[in-house]
Amino acid sequence: MTGQNVRWGILATGGMAATFTADLVDLPGAEIVAVASRSPEPAKAFAERFGIPRAYGDWESLARDEEVDIVYVATPHSAHRAAAGLCLEAGRNVLCEKPFTLNTREAAELVGLARDGGRFLMEAMWMYCHPMVRRLKALIDDGAIGEVRTVQADFGLAGDFPASHRLRDPALGGGALLDLGVYPVSFTQLLLGEPSDVVAKATLSKEGVDLQTGALLSWEDGAIASVHCSIVGGTSTSASVTGSAGRIDIPYGFFFPDRFVLHRDGKDAEEFIADPADGSRNTLKHEAAEAMRALRAGETESPLVPLDGTLAVMRTLDAIRERVGVRYPGEAV
């Protein structure tokens with residue numbers, strides 16, 4: 001696909017799909033050719049809104065559209081396995097929103113479909129593609145703070161969500177952990193890999209989903225991480241990474257930072273500021289650009305968001321849910 005437009009299909013028409021599509025419209029080399037929903041009306045309305053030529057009232061038609069190079073899956077995560085699996089089985093490449101699936105079993109099934117079929121598959125973990133997060137990781141990999149010893153990260157919303165809201169609905173994979181906690185867990189594992197031990201506590205709703213969860217992750221080399229997520233209180237969404245020779249603080253929005261501060265022993269603090277040329281701090285264009293780069297290069301997964309890393313995060317999320325007693329309908333006991 002070197003040098004030609006990448007033709008996108010959008011599966012789902014909700015808020016996440018609209019945000020992604022709005023960013024994709026302005027991305028050079030991206031062409032949005034089709035959108036699908038479960039019924040014709042929302043698909044047609046979405047297509048008219050963004051000038052998309054084809055609108056499908058079912059997922060199967062989009063999956064079978066051979067003029068679509070890659071499908072962006074933006075359904076609720078309870079439907080990621082079905083939607084992404086349908087597309088992969090039909091021969092489409094897939095960029096699937098986070099959290100990748102409800103659990104590790106579903107994630108492994110999607111990875112197996114992609115690898116068996118030689119198709120590109122990537123979790124839309126935009127944080128991993130964000131220029132400032134990549135810069136932070138490069139500094140740490142280069143030894144700017146020595147060996148990483150602790151990571152702290154949180155993400156909470158001050159929402160008064162009713163029981164009918166998707167974040168409270170077990171059938172939709174509700175709760176703080178999968179929707180918000182995936183960010184601090186993914187950030188931690190970007191730097192430290194998969195933990196060897198998981199301890200967790202949560203406050204559960206009457207529906208059985210987690211309203212807030214705290215987890216302590218540890219590694220055999222002695223590193224420890226503290227992660228927290230909540231849908232009952234707004235947190236600072238900050239992160240701090242401490243090493244044997246210094247510390248990096250992200251004061252706000254660690255998963256889409258516009259700045260961070262490097263503290264090194266015996267030296268003045270150094271602030272790193274986002275390059276204005278990279279655009280808005282909360283743009284999704286970087287993950288789309290990475291997927292397009294990989295497709296043009298003939299790669300079936302991204303080195304920035306590797307599938308083995310996605311599976312490792314899902315295993316940690318499963319472990320946390322097991323510790324706090326959250327199980328979704330249809331999952332094995």
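Start by selecting Trp 126, Phe 155, Tyr 183, Phe 187, Tyr 252, Phe 254, Phe 255 and Phe 256: together they form one aromatic cluster. Rings of Phe, Tyr and Trp (its six-membered ring) pair if their centres lie within 6.5 Å; planes under 30 degrees apart count as stacked, over 60 as edge-to-face and the rest as tilted.

Before going on, a word on what you're looking at. This is a predicted model, where local features need pLDDT of at least 70 and side-chain atom pairs count only at pLDDT 80 or more, while totals for chains, interfaces and linings use all residues. Residues are numbered from 1 along each chain as its sequence is written, and side-chain values use heavy atoms, with hydrogens and water left out.

A search of the whole structure turns up 13 aromatic pairs. Zoom in on Phe 155 and Phe 255: the ring centres are 4.7 Å apart and the planes sit at 35°, so this pair is tilted. Phe 155 is in strand β7 (residues 148-156) and Phe 255 is in the loop between β12 (246-250) and β13 (259-264), so the pair ties together parts 100 residues apart in sequence. (Helices, H or I with at least four residues, and strands, E with at least two, are DSSP runs numbered from the N terminus.)

Tyr 183 belongs to helix α8 (residues 176-192), 72 residues away from Phe 255 in the chain. Buried means under 20% relative accessible area, exposed over 50%, partly exposed in between (1.4 Å probe, protein chains only).

Now stay with α8 and bring up helix α7 (residues 131-141). Their axes (lines fitted to C-alpha atoms over the stretch in contact, with angles from 0 to 180 degrees between N-to-C directions) come within 10 Å and cross at roughly 35°. Select Val 133, Leu 136, Lys 137 and Ile 140 of α7, then Phe 187, Leu 190 and Leu 191 of α8, to see the contact; contact means heavy atoms within 4.5 Å.

Finally, zoom out. The chain has 10 helices and 14 strands, and its C-alpha trace spans about 60 × 50 × 40 Å along the principal axes. Buried residues make up 53% of the 333 residues.
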